[in-house]
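Have the structure open beside you as you read.

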Amino acid sequence: MTSTTVTSSTQEREHTRTGLSKDCLMQAFIDNLFYIQGRFREVATANDLYMAAAYTVRDRLLERWIKTAQTYKRENSRTVAYLSAEYLIGPQLANNMLKLGITEVARAAGEELALDFEGIIETEAEPGLGNGGLGRLAACYMDSMATLQIPAIGYGIRYEFGIFNQLIVDGWQVEQGDTWLRNGNPWEIPRPKICFPVGFGGRTETYQDAQGVERTRWLPDLVVNGVAYDTPMMGYGVSNVNLLRLWKSEAPESFNFQAFNVGDYYGAVHAKIEAETISKVLYPNDEPTVGKELRLKQQYFFVSCSLQDMIRLELGISGSLARFHEKFAIQLNDTHPALAVAELMRLLLDEHQMSWDQAWQITAQSCHFTNHTLLPEALETWSVALLERLLPRHLQIIYDINSQFLDTVRQHFPGDDERLRRLSLIDEGYGNKRVRMAHLAAVGSCAINGVAELHSELLKTTVMRDFHDLWPQRFHNVTNGVTPRRFLALSNPRLAALITEVCGDDHWLRDLEALRALEPHASDRAFQQRWREIKIAAKRELSNWLGQCTGITPDPESLFDVQAKRLHEYKRQHLNLLHIIALYQRIKQNPAAEQVPRTFIFGGKAAPSYHLAKLIIKLITAVGEVINQDPAVKGRLQVIFMPDFSVKSGQRLYPAANLSEQISLAGKEASGTGNMKFSMNGALTIGTLDGANIEIRDAVGHDNFFLFGMTAAEVQQRQAQGYDPQAVYQADPELRAVIELIGSGAFSDGDRELFRPLLDNLLYHDPFMVLADYQAYVACQREVDRAFADQGQWNQKSILNVARIGRFSSDRSIRDYCERIWKISPVVVD
């Protein structure tokens with residue numbers, strides 16, 4: 001492409017690759033459309049226009065990206081290596097324009113070129129490289145690390161197919177492949193020369209090195225290559241651009257001519273197919289054995305590539321790995337990257353000939369572990385037999401780590417065999433030995449953190465109690481946060497403009513505590529009216545969009561009651577549903593009953609193999625079908641299931657919500673981040689004392705949060721006493737009527753068996769105590785109705801929620817990590 005300069009209206013000469021003026025952006029767009037896409041306007045498709053716009057913005061990132069890399073290398077900066085199996089980074093075009101500060105200039109350039117600016121932004125496919133909160137948190141942290149000028153590399157997998165697209169067919173979730181790469185990805189830069197071998201299977205052998213030291217050599221029977229694909233992650237209001245490096249699996253030799261020449265056409269490409277399968281799809285169904293094997297391969301593949309890359313970088317700068325732990329702070333985002341502990345040991349021992357003690361010191365001082373769950377069944381384990389077959393050398397290392405670790409435990413707790421059994425990295429129960437990955441991560445890390453104050457305390461007293469008894473100094477809390485750049489400025493530009501007006505400028509986007517400036521305006525009637533108008537405008541936009549994608553256009557004046565999150569029993573979408581059916585029955589029985597008009601909006605995906613969660617989706621859509629067609633409740637109740645919930649659709653939803661449903665059973669949600677996004681956009685929360693709800697309630701004020709339900713301690717106590725859901729059911733006539741109505745076939749065309757598995761689960765098991773919290777939830781919802789009826793009071797509460805949400809910025813979370821765990825300082829890029 002030809003390099004040119006443009007003289008802008010201010011007479012400053014700018015390069016078309018880097019200039020930020022309207023004239024420069026226009027010329028760059030035209031050049032990119034012609035020279036990169038090979039198109040002219042008359043034949044350009046919507047995707048051509050998007051690609052040309054994306055390359056125009058990316059060019060402006062690259063200069064800053066290269067300067068950042070040069071600065072970090074020159075200063076040999078300590079660097080965060082964030083290892084995560086998921087990154088839900090969301091669409092990048094609008095986000096990067098915001099960070100460059102060129103949104104309005106670009107809009108003006110688009111108008112002058114007669115382009116549909118919003119249409120181009122909407123064309124972008126979303127990289128679905130995650131399931132939900134875990135991946136979105138990783139993306140928020142990448143945003144904040146760049147904004148806070150913290151040197152960082154995010155490592156993960158370049159899944160060819162991300163999380164499935166969710167279709168709703170006859171009320172059921174149907175999964176469709178996510179082909180997010182089909183039209184190309186302008187934000188990534190392939191690095192074919194940054195490529196590392198990753199082995200699987202085979203055997204190990206011992207030998208003596210030149211110094212006579214006994215060593216182990218791994219001889220894998222399958223080797224694939226991991227190739228780097230780099231995406232720039234820019235900070236807001238700074239020049240720092242960090243790196244998201246995702247790995248694609250490839251065969252070392254893509255075509256076997258020898259096999260082809262003897263007529264073995266399948267064998268000629270078999271190695272290529274087998275290698276590329278590893279990064280083919282996000283989280284395969286791990287019910288069958290082959291799915292488990294592929295998932296384990298994925299986890300090892302990306303940690304091996306990432307660690308080899310870190311070693312390459314350190315050797316390139318210092319020529320030695322003796323201070324590797326001073327260069328890199330490796331953060332394990334949950335247990336998916338836990339194999340990094342064993343793999344770093346293998347690389348240091350076998351490839352770089354270190355002693356065990358030196359390798360262990362470096363490994364244990366490099367790694368830090370974030371736990372994201374309190375559900376015992378979600379704490380990942382792998383079969384010893386599977387590890388022995390796929391990663392024989394790593395299993396040896398894990399056994400050696402375990403042996404030394406248990407010696408340490410014996411020194412601290414002599415004679416306590418039961419504690420040894422609980423702490424062992426190897427679970428020997430039920431005749432099927434399994435490696436406990438959370439244990440491996442905890443033993444191999446110098447810091448362990450939870451993600452909300454309650455979660456961190458419960459870690460110490462439940463699933464990681466024995467580790468806390470042994471190493472209390474390793475445990476920390478870092479409450480999750482979300483980026484206000486995407487989830488307020490980008491999602492809710494009207495509200496962001498009002499905040500900027502009150503604060504005087506946009507410094508609040510880098511210091512969210514500045515939102516406190518809104519507090520004095522909370523009781524001002526004129527300000528409340530402006531606030532309400534912004535909310536109504538967002539609701540109107542969402543309503544029109546829902547009309548297009550679901551056929552249902554809700555009334556923007558109704559209360560938008562929203563529960564949007566992954567479908568899981570512990571998140572209790574079915575508790576919400578029971579309340580909706582109760583409201584429906586009340587109106588049917590007494591048409592004159594007062595009812596604040598409500599639109600209930602659900603969104604979220606169920607894991608493909610999670611049959612009960614998929615049945616809950618079916619019940620939501622079935623209840624919606626009945627209620628939405630019943631003239632008796634017209635204008636009073638509506639139920640909508642918003643399909644294919646994602647970062648992109650979430651940006652429409654968060655600004656429009658009045659009420660945020662955060663109703664998990666206390667003690668089950670680690671933190672949650674949807675609660676923060678809704679509150680940041682002025683929604684009031686109805687919730688339990690679970691996860692970060694507790695801290696949000698304390699921050700925004702108890703009067704501005706609708707609290708119900710048992711505490712975590714009360715849940716434990718009631719379960720210990722013997723919880724009987726049948727007794728609750730029998731004692732509550734309204735609840736009984738609701739469940740009987742579902743069982744009667746009223747929402748299933750007379751089919752009494754369709755929802756029987758869900759009802760039986762509630763009546764005879766109720767593991768997440770939906771029935772126990774039902775009465776308190778319904779009573780709390782009456783308080784919501786009363787509050788919403790007084791719009792002045794409601795708007796005041798909404799303003800105070802936003803004004804006091806500052807500590808839930810992901811910037812605060814990253815500062816906490818830097819100060820408490822990583823011991824790392826900002827590096828300014830000029």
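## An open pocket

Let's begin with helix α20, which gives the most to the lining of the second largest pocket, with five residues. The model you are looking at is predicted, and this pocket has a volume of about 1,200 Å³. Of the 37 residues that line the pocket, Glu118, Ala489, Leu490, Ser491 and Pro493 are the closest to its centre.

Which helices join in? At least two lining residues each come from α3, α4, α5, α19 (484-490), α20 (493-503), α21 (525-550) and α24 (647-653). Sorted by class, the lining of the second largest pocket holds 20 nonpolar, six polar and 11 charged residues.

How many cavities of 30 Å³ or more does a search of the whole structure find? There are seven, and the largest cavity has a volume of about 220 Å³. It is lined by 17 residues, and Phe29, Ala53, Ala106, Gly110 and Phe117 are the closest to its centre.

Two or more lining residues of the largest cavity come from each of α1 (22-35), α2 (46-75), α3 (93-100), α4 (103-112) and α5 (117-123). Here the lining has 15 nonpolar and two polar residues, with no charged ones.

## A covered helix

Now find helix α11, which spans residues 340-351. This helix is mostly covered, with 11 of its 12 residues buried. Among the buried residues of α11 are Leu344, Leu347 and Leu348, and also Glu343, Arg346 and Asp350.

After α11 comes Gln353, which has a positive phi, near 60°.

Technical notes
Residues numbered from 1 in each chain as written. Predicted model: local features only at pLDDT ≥ 70, side-chain atom pairs only at ≥ 80, totals over all residues. Heavy atoms only, no water. 1 Å grid on protein atoms, 1.4 Å probe; cavity = no way out; pocket = protein on both sides within 12 Å on 5 of 7 lines; lining within 4 Å. Points joined across faces, edges and corners; volume = space filled by probe spheres on them. Helix = DSSP H or I, 4+ residues; strand = E, 2+ residues; numbered from the N terminus. Nonpolar A, V, L, I, M, F, W, Y, C, P; charged D, E, K, R; others polar. Buried < 20%, exposed > 50% of the residue type's maximum accessible area, 1.4 Å probe, protein only.
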